[in-house]
Amino acid sequence: MAKAFFRLQKFLRRIQFLLFFLTAAYLMAGSLLLLQRTRLVLQQGSRGTPANQALPVPEEMGRVGITEPRALQSPRAGPRLLVGMEALQEPALDQRHSPHWLMSRNSELRQLRRRWFHRLTRDQEPLQTAGLKAMKRTAEHKGTYMGCFTHDSRERTLKGAVFYDLRKMTVGHCQEACAERAYSYAGLAYGAECYCGNTLPAAAAQPQECSSECKGEKGSVCGGVNRLSVYSVEQLRAGARPRRNVIYRGCFRAPENLTDTFPASLIQPNLTVEMCSEFCSKKEFPLAVIRGQECYCGYPTRRFSLREGTDGRRCSGSHNASSAAGGDYCLVYQTPVQDTRCTDRKFLTTKSKVFVALSSFPGAGNTWARHLIEHATGYYTGSYYFDGALYNKGFKGEKDHWRSRRTICVKTHESGKTEIEMFDSAILLIRNPYKSLMAEFNRKYAGHLGYATDRNWKSKEWPDFVNSYASWWASHVLEWLKYGKRLLVVHYEDLKQSLIPKLKEMVEFLNVTVTEDRLLCVENNRDGNFKRSGTKQKNFEPFTQEMKDLINRYILTVDEALKGRNFSGLPREYVPR
């Protein structure tokens, strides 16, 4: 018995030694592999990565909510990292720009864009963390706390402007935003939503019901579920920098019965634009309408749609209310108050049976189209990617899995056969390539709302960018025309010029019924929060003749392909420059 026990003990000791040896060998092999990969990355960083050495990307990574490559900013990573132009084998000149060549090149560029994404991810997080810390340092509570009040997203108690920041919202940020727009009260809900208004909510709630912590400020309360933490910001208005003035909408024929058309009115001798706008803002209406000494407040409606303006001379050719013509015509101004009849949005209550893509080349206005669709239908749009900047500003579908079917459609810039055939139908948004290329270049170097600097445009990055992205613009359309199952082609320029008719087509394609007043509300809020601001160079022409020749050939190829599929060709303004 003792002898058997001794043999067992000896055997276990050998096993223990063997396991120790295998573990040590495993760790050494892992260390060597890590050192080898680190050396490879350093070498690639110093001389660039050849196109024929694309890193393998698991198929699953393209099918989950990954961060969108084009949403990552890095001033050190130019288009040369993205496309590796020197390594792409160029075909013979007579074979270039053909549909077959464009599709082949598109496959190469997709791999290279994904590699660029992986190399930039590690550089993005420190920048975002630093921005959050800066936000926390500047947050201050300056307004007077009025209490906790009930809140209904559909029947809002604060009916002015609304802002979202699902990552960095603070009490001070909301107060300043409302004060800059001349509102009296600022209210916060759900820890991330900011509402402005001029009338204090009537229904008070228990203080403990406002218990949601601000997303960008630990220890501060930003309302709760259906609860508003309300502050008075009147004392901040005097020192606040006005962010948005009253906007002149034009001269229009007055409706037959002004009193029935507009719910609020004022008659004032020596009436001025400022007096009428302030009156309508306090009443929380987005339109101020002036006829002589009469001031009316309301919304765009079927009776007064603002679609057909008239010659400004019929209103005496002046924006001054005292000189506005009485009788048949009136002056119309947009107040700082937001039209809230179409701002409520939600996820689909049941999974959509039809999986719809909103597909476009980057810079073609996809974000703007999503804004229009969400406000017209009342449902969130999804995204194949995850863009934190868009999510933080209220596009809540960004964080929802793109295949959840809880959104009305899904944004994508993908153009591979596999990705296209996943969708049952698609809205294909096309924009003039000259405008698209400039918009995407601006976004890469200055974000969603800024403009690239003169130094960026004059650098070598710009011609490299055009050489690679121009072919992607063409191949994107060609592949969706080839593999898309059911398409609605929408041209950005047509949507901008004829918003209501084109938006109706898009909504009908999505199988949603909307009211005329809701569409008019969308038109009144058409720009959203993603219209570029800042200094824009006038008469700026960044395209050389060589670039124009290249882009024009792509335009003709796409135009011919559209007509071959019985779609209308590209708008005339596209070709050629």
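## A walk through the helices and loops

Let's start with glutamate 516, which sits in helix 16 (residues 516-524). Helices here are DSSP runs of H or I with at least four residues, strands are runs of E with at least two, and both are numbered from the N terminus. What you're looking at is a predicted model, so local features need pLDDT of at least 70, side-chain atom pairs count only at pLDDT 80 or more, and totals for chains, interfaces and linings use all residues. Residues are numbered from 1 along each chain as its sequence is written, and side-chain values use heavy atoms, with hydrogens and water left out.

Back to glutamate 516. With a relative accessible area of 21%, glutamate 516 is partly exposed; that label covers what falls between buried (under 20% relative accessible area) and exposed (over 50%), using a 1.4 Å probe and protein chains only. Which residues does glutamate 516 touch once its neighbours within four places in sequence are left aside? They are Arg302, Arg307 and Lys504, where contact means heavy atoms within 4.5 Å. Isoleucine 500 is 16 residues away from glutamate 516 along the chain, and their C-alpha atoms are separated by 9.2 Å.

Asparagine 511 isn't a glycine, yet its phi is positive, near 65°. This residue is out in the open: asparagine 511 counts as exposed, at 71% relative accessible area.

Glutamate 284 also has a positive phi, of about 65°, without being a glycine. You'll find glutamate 284 in the loop between helix 7 (273-282) and strand 11 (287-291). Is glutamate 284 buried or exposed? Its relative accessible area is 6%, so glutamate 284 is buried.

Now step over to strand 10 (residues 264-267), where isoleucine 267 is found. Isoleucine 267 counts as exposed, with 66% relative accessibility. Not counting residues up to four places away in sequence, isoleucine 267 touches Gln293 and Glu294. Glutamine 293 is 26 residues from isoleucine 267 along the chain, but their C-alpha atoms are separated by 5.8 Å.

Time to zoom out for a moment. The chain has 17 helices and 19 strands. Of its 577 residues, 51% count as buried. If you take the contacts with a separation of 6 or more, residues 24 or more positions apart account for 78% of them.

The buried residues of helix 8 include Trp368, Arg370, His371, Glu374 and His375. After helix 8 comes glycine 378, with a positive phi near 85°.

Helix 4 (residues 171-180) is mostly covered, with eight of its 10 residues buried. Among them are Val171, Gly172, Cys174 and Gln175. Alanine 182 follows helix 4, and its phi is positive, near 65°.

Finally, let's see how helices pack. Helix 11 (residues 433-446) and helix 13 (residues 461-483) have axes that come within 10 Å and cross at roughly 125°. Axes are lines fitted to C-alpha atoms, for helices over the stretch in contact, with angles running from 0 to 180 degrees between N-to-C directions. That makes helix 11 oblique to helix 13, since angles under 35 degrees count as roughly parallel, over 145 as roughly antiparallel, 65 to 115 as roughly perpendicular and the rest as oblique. Residues in this contact include Leu437, Met438 and Phe441 from helix 11, and Trp462, Phe465 and Trp473 from helix 13. By class, the contact has 10 nonpolar, no polar and three charged residues. Nonpolar means Ala, Val, Leu, Ile, Met, Phe, Trp, Tyr, Cys and Pro, charged means Asp, Glu, Lys and Arg, and the others, Gly among them, are polar.

Helix 11 has another partner in helix 17 (residues 545-564): their axes come within 10 Å and cross at roughly 120°. Helix 11 and helix 17 are therefore oblique to each other. Here Pro433, Tyr434 and Leu437 in helix 11 meet Lys548, Ile551, Asn552 and Ile555 in helix 17. This contact divides into five nonpolar, one polar and one charged residues.
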